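Please look over the model shown below. A short report on its chains and their contacts follows.

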Amino acid sequence: MTVVQTQDVGEGSPLLEVDDLRVEFDTYGGSVKAVRGVSFSVAAGKTLAIVGESGCGKSVTVQSLMGLTPMPPGRITSGRARLRGVDILGRKEIDGREIRGREIGMIFQDPMTSLNPTMTIGRQIAETLEVHRGWSRKRALDRAVELLDMVRIPEATQRANQYPFEFSGGMLQRAMIAMAIACEPAILIADEPTTALDVTIQAQVLDLLSDLQRDSGTAIILITHDLGVVARMADDVVVMYAGQVAERGSVEDVFYRSAHPYMLGLRAAMPSSTSDRAHRLLPIEGSPPDLFSPPTGCAYAARCPHAMRICSTRDPAPSDLGNGHLARCWLHSENAPRVEALDYGAGRPASGLTSGLPA
Amino acid sequence: MWRYTIKRLIQGVVTVWFIATATFLAMHAVPGDPMSGDRAVTPEIRKNLEAKYGLDKPLAQQYVIYLGNLARGDFGISFTQQNREVNDIIREHFPVSATLGILAIVFASLGGILWGALTALYRNKLPDILIMFFVILGISVPSFVFAALGQLALVKLNDFLGFSLLPVAGWGTVSHMLVPSLVLGLGTMAYLTRLMRSSMLEIINSDYLRTAKAKGLPATRIFTRHQLRNAILPVVTVLGPSIAGITTGSFVVESVFAIPGLGRYFVQAVQQLDYTVIMGTTVFFGSFLVLMVILVDLLYGFIDPRVRLE
């Protein structure tokens, strides 16, 4: 990007602050508590990864920020989200600038279906500029070609006049990125941007995102369930489980000093690159709780190998492990018993897995 | 695109040939012939007549002559109406049917798109429920009922006003055309409304509409640029067959409103087994429909870029 986005945010105060966000969906069977008190913050120019398994509320969280959750049936029951200190929940614009497309750009999981099939790629990118900047058709289209070039689409001039069906999946996702960054947003939300792409293309798209971030200083919220992607891209990580933040902190803390048994379980379930037959993947037994009626205690208790009596009766509060590293687990309570080496599969370096727990 | 057009045209010619052959064979398979009317005809007269019209020749030879005439655009002369060429009948009465049909199609597609979009916007609310009620009526009530009701309504209206606002029957001015074309298009409009509604609802939940919202586009722009155009695609697809439905429906509406269209002659000819008129009008209507379907398909390619390259 040619213009470097400057953030008028003082040192230490985050660009986006989400505080105790709660979202429910009313259905015939009752209300689904999809997001149950999620808090996190995103610093300017940094990447925040939100990880968790399907249905844990990752997408609902970010879509609520953008006002993309259908309401009804969706309802934001409490919480705040502030962009540069200004509340954005339920608002269309702040300081005369639209949130959607202007302050926050968004790309989605399936690029094949996320673009209008009967409009040229160039026009779809230009549209954003026409609406938010009031540019003429011609000027916006010229810029769209530049943007396509910027996301490394060859022969951008011809490509801009083509329709989505003439693009490959990877190219479509790059076109989506071009569309999302057209107005140089402060935040780019990428909702599983590489899930629908094959592995070699995934790497290209991720590289593109990091390069764009380096050039423009855009903050990225990356939603994924691929821990490899997290390790590669993220500065900070939020691990979500059953609509709550199980653990959050810097990527080093969450990965190397994992403090929540869920994160430990996820890591044990990760394939490793060493082709050793002794390396068995350890799935987490069971499935996430039903969010129609979330359990009274810790949502993970039923699957947790370390569950104590208190875990099934009282929901733990997040424990601060220092340096912004939080874990929502009773094991970090002062009264919790000391947990010695956890056995997460033979052949795994056990030291790294347990180091986050009080020894 | 050119290759596609030419391919479609050749297919069309084959279809018309098929229609012509099927009509020819069906005509001759029906018992009786144009000469076996109410009046008794002596064997000599019958023989002379058959010789005059070529009906004494073997069927295969008649078929060859018939196809040859068709290729030259000559549908022959009527058996029952004196000195009238089928071409004259078509030339005189087809424009009336075509005007009626085109008005009905315009009315049906505009109405269908409008009502369909409205029902989708007000899904499960009062406007939706009301419109869908009338849609069910429109689909299930046959056009002759609507034609009679429409005419009755006109009579009552003119009676109430004390002067003739809209003529009850006949043909000639725009005011003659309004109610018949409305009645004729009603069934198709109801059908298109339903189609439009479902395709609108499908698109409301589509990924690209979510993208459009995430881009921060105003609701009106999302509706016109992203939703409407894509929702119209299925409607355009069925326009071709709809034209067929409207033309066949026009036979009834024409006779109720005493409109001098081609349909009336067609029905009359079938009753009198007037070979040349039946075959002429059938082949003509058939080719007209085939042409319409081809035009609609080409139009579809114009709206949906994905169809163009194939």
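What percentage of the 359 residues of chain A count as buried? The share is 46%. A residue is buried if 20 or more other C-beta atoms, placed from the backbone, lie within 10 Å of its own.

## Basis of the model

This is a predicted model, in which local features need pLDDT of at least 70 and side-chain atom pairs count only at pLDDT 80 or more, while totals for chains, interfaces and linings use all residues. Residues are numbered from 1 along each chain as its sequence is written, and chains are lettered from A and ligands numbered from 1 in the order in which they are written.

## Chain A

Chain A has 10 helices and 14 strands. Both are DSSP runs, numbered from the N terminus: helices are H or I with at least four residues, strands are E with at least two.

Take the contacts in chain A with a separation of 6 or more. Residues 24 or more positions apart account for 63% of them. Two residues are in contact if their C-beta atoms, placed from the backbone, lie within 7 Å.

## Domains of chain A

Chain A is assigned domain 1 (14–234) and domain 2 (258–271 + 279–358). These bounds come from an automatic or database domain assignment. The centres of the two domains, taken over C-alpha atoms, are 31 Å apart.

In chain A, 10 residues of domain 1 are in contact with 6 residues of domain 2. Strand S2 (residues 30–42) of chain A gives the largest share of the domain 1 side, 5 residues. By class, that side of domain 1 divides into 4 nonpolar, 3 polar and 3 charged residues. Here Ala, Val, Leu, Ile, Met, Phe, Trp, Tyr, Cys and Pro count as nonpolar; Asp, Glu, Lys and Arg count as charged; the others, Gly among them, count as polar.

## Chain B

Chain B has 12 helices and 0 strands. Its C-alpha trace spans about 85 × 60 × 30 Å along its principal axes.

Of the 310 residues of chain B, 32% count as buried. Among contacts in chain B with a separation of 6 or more, 76% are between residues 24 or more positions apart.

## Where chains A and B meet

How many residues of chain A are in contact with chain B? There are 23, and they touch 18 residues of chain B. Helix H2 (residues 121–133) of chain A gives the most to the chain A side, with 4 residues. That side of chain A has 11 nonpolar, 7 polar and 5 charged residues.

Technical notes:
A residue is buried if 20 or more other C-beta atoms lie within 10 Å of its own, exposed if 12 or fewer, and partly exposed in between; C-beta atoms are placed from the backbone.
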